[in-house]
Every structure is written in C-alpha cells, then in structure tokens.
Amino acid sequence: MALREIREYGDDVLARPCKEVKEVTPRIRELIDDMFETMYDANGVGLAAPQVGVLKRIVVIDCSPECDDPHLLINPVILETSGEQTGYEGCLSLPGKSGVVTRPNYVKVRAFDIDMKPFELEGTELLARAICHECDHLDGHMYVEKVEGDLVNNEDLQQPSEEE
C-alpha cells in the first residue's frame, strides 16, 4: 500500500466524469488499498478515485469515529434519497475550507464490492452526506458548486464563541 497525492481544487481531473470499472484487476485492488490508506492518513471520511488522479468509478468511505467501518463502492448508483440535512461540508481536495451544503438525510446506493458482486447500502446523516459527496466526484462535480454562502476557513469553525 502507498499514499497517493490528493489532487486539489482546480486540477482538471476533478472536473471530468469517470469510467465504469469492468473488472477488478490487481491494479484496481492496489488502487483501492491505496485509497483507503490515503483517506485515513488525511483524516477524511471519504475519497473518490479522481481525487487521486484516476478516472474510475470507485469510492471509499469510513464515517466511524474509530475508522473501523470501511465501505467500498465500485460503480455506485444512487437509487433513493429522502429528507434533508444542512451543515458544513469539507473536502480533501480543498484542504482547510468548508461550506454549508444541503444534502439528503437518507440515501440508498447500489454498488459492486471488491469481487464485483452487487449490493445495496443505506445511510443516514454523515454517511448519506459522504455517499452523495463522493458520487458527485465521479461525475466531475465538487461540493463548492452547492455551497450556500461563502467558504470558510476550518480554523474559524473551531474557535470558541465569545459567550463561552
């Protein structure tokens, strides 16, 4: 396994749609392992293949506080959404920044696992947000297109208020 360079906002690879994965080759397995390692190293909850410069429809997600609930989504397709949540969202491809984004509060996605077996995953709250965010990357879109208001510096979000 190896850490891969995370492409940053403005890199044209992030604006291009990804191609479907036809089979999981040894190179794809290595990519998936590297994506998990890169995501965990960067303290992220999700990472899409174009963020490491590969135009394949592959997403890794782990929203658990202990980093022990990994999800691999190959060729994901969102089947169903409901509800609404609005909150700050960030991206490993735009380090140090966040913006307010409204996303579904519930998502059902169909994808393939490492053995190219289809499965469905349902998520709420942060997992739903992460699924939507990462699937957007596969179509060449970033969360900044959905931000309500201005981007803010993450340090500003962590400052205690003057009332505290």
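## Getting oriented

Helices here are DSSP runs of at least four residues, numbered from the N terminus. With that in hand, let's look around this predicted model.

The protein has three helices and eight strands, and along the sequence they come in the order α-β-β-β-β-β-β-β-α-β-α. Its radius of gyration is 16 Å, close to the 15 Å that the globule rule gives for 164 residues, so the protein is as compact as a globular protein of that length. Along the principal axes, the C-alpha atoms fill a box of roughly 55 × 35 × 30 Å.

## A look at helix H1

Helix H1 covers residues 26–41 and spans 22 Å from its first C-alpha to its last, close to what's expected for its 16 residues. Quite a list of H1 residues is buried, including Ile 28, Leu 31, Ile 32 and Met 35. So what covers the buried residues of H1? Strands E1 (46–48), E2 (58–61) and E3 (71–82) are among the elements that do. Just past the helix, Asn 43 takes a positive phi of about 60°.

## The one aromatic pair

Search the whole structure and you'll find one aromatic pair. The rings of Phe 36 and Tyr 40 have their centres 6.2 Å apart and their planes at 20°, and since planes under 30 degrees apart count as stacked, this pair is stacked. Both residues sit in helix H1, four residues apart, which is about one turn of the helix.

How values were computed: Residues are numbered from 1 along each chain as its sequence is written. This is a predicted model: local features need pLDDT of at least 70, side-chain atom pairs count only at pLDDT 80 or more; totals for chains, interfaces and linings use all residues. Side-chain values use heavy atoms; hydrogens and water are left out. Helices (H or I, at least four residues) and strands (E, at least two) are DSSP runs, numbered from the N terminus. The expected span of a helix is 1.5 Å times one less than its number of residues. Buried means under 20% relative accessible area, exposed over 50%, partly exposed in between (1.4 Å probe, protein chains only). Contact means heavy atoms within 4.5 Å. Rings of Phe, Tyr and Trp (its six-membered ring) pair if their centres lie within 6.5 Å; planes under 30 degrees apart count as stacked, over 60 as edge-to-face and the rest as tilted. The radius of gyration is taken over C-alpha atoms; the globule rule is 2.2 Å times the number of residues to the power 0.38.
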